[in-house]
Amino acid sequence: MSLSLFDLTGRTALITGSARGIGMSLAEGLGAAGARIIVNSRGDDAVQAGVEHLRGAGIDAIGAAFDVADEAAVRAAFERFDADGIKIDILVNNAGIQHRQPMLELALADWQRVLDTNLTAAFLVGREAARRMLQRGRGGKIINIGSLMSEAARATTAPYTVAKGGIKMLSKAMAAEWAAHGIQANAIGPGYIHTDMNEKLVADPAFDAWVKASNPARRWGQPQELVGAAIFLASAASDYINGQIIYVDGGMLSVL
Ligand code: GCO
């Protein structure tokens, strides 16, 4: 079998929240596999820095700064893609925030903010991307970034947990409506990955020890370790896979 099955040359990938962290690692990985990368974040400066970083690595990259949780901003961004002749073949709904607080103390505004960014945004961006994939009749790939919290809860992370559980089911809903049109929608569930969002957890000796004791791999994951699953789900290798979630967690969800 040829490795061209995993070749993304000629495809364009929009990765939301890709100016840093997991999103940037996925941008580097999909770019190295041949895709043109659209870097997204809310801020122009962060997007431009991400584009320059990727270009420095020889990756074809452009930027699109917009708030993925703002319906009007998402629509306007896709209208700009249309006007510029940019056709998105691969969408990675990666943008996400964390808010750790016991539910009894949690303000509705914080609950809503996490759900808007971590779940509703995937619907808003997915809807616009799928609309165009259907119109083009060439199918496409949607990869939603879930979490261990797509499957299990950790106290003090309720809105994040609920949103990531929703990401798993949104991937199935997308498959239910769009798979017949050649759009494969799936999810990746990262485990405890050493990113800036988790820096405080890594630095906490008790939490660090818990992650290592609870994980058969006995270590935190690295963002780059998500790239293989992303290339797989972004490529022809997954053309008959719909509505699945691949946990890249060292086995943490598989053991007691
Ligand atoms: C936490 C962490 C987790 C990880 C990751 C696990 O507070 O427990 O932020 O949510 O970020 O999502 O899969």
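Predicted model: local features only at pLDDT ≥ 70, side-chain atom pairs only at ≥ 80, totals over all residues.

A: Start with the nonpolar cores.

Q: How many residues does the largest nonpolar core have, and which have the most contacts inside it?

A: The largest nonpolar core counts 30 residues. Leu-26, Leu-30, Ile-37, Leu-54, Val-92 and Ile-188 have the most contacts inside it. Several elements supply at least two residues each, among them strand 1 (12-15), helix 1 (21-32) and strand 5 (140-145). Helix 8 gives the largest share, 6 residues. A second, separate core has 28 residues, including Phe-66, Phe-81, Ile-142 and Ile-183.

Q: What does Ile-188 touch?

A: Leaving out residues up to four places away in sequence, Ile-188 touches residues including Ile-143, Leu-226, Ala-230, Leu-233 and Val-248.

Q: Now the charges. How many salt bridges does the structure hold?

A: The general idea: side chains of opposite charge can pair when their charged atoms come close. This structure holds 14 salt bridges. In one, Asp-196 meets Arg-20 at 2.9 Å, N to O. The two lie 176 residues apart, Asp-196 in the loop between strand 6 and helix 6, Arg-20 in the loop between strand 1 and helix 1. Asp-196 is partly exposed, at 42% relative accessible area.

Q: Are Arg-132 and Glu-128 buried or exposed?

A: Both are buried. Their side chains form a salt bridge at 3.0 Å, N to O. Arg-132 and Glu-128 are 4 residues apart in helix 4, so about one helical turn separates them. Shared partners join Glu-71, Arg-75, Asp-82, Arg-127, Glu-128, Arg-131 and Arg-132 into one salt-bridge network.

Note on methods
Residues numbered from 1 in each chain as written. Heavy atoms only, no water. Core = buried A, V, L, I, M, F, W, Y, C linked by side-chain atoms within 4.5 Å. Buried < 20%, exposed > 50% of the residue type's maximum accessible area, 1.4 Å probe, protein only. Contact = heavy atoms within 4.5 Å. Salt bridge = Lys/Arg side-chain N within 4 Å of Asp/Glu carboxyl O.
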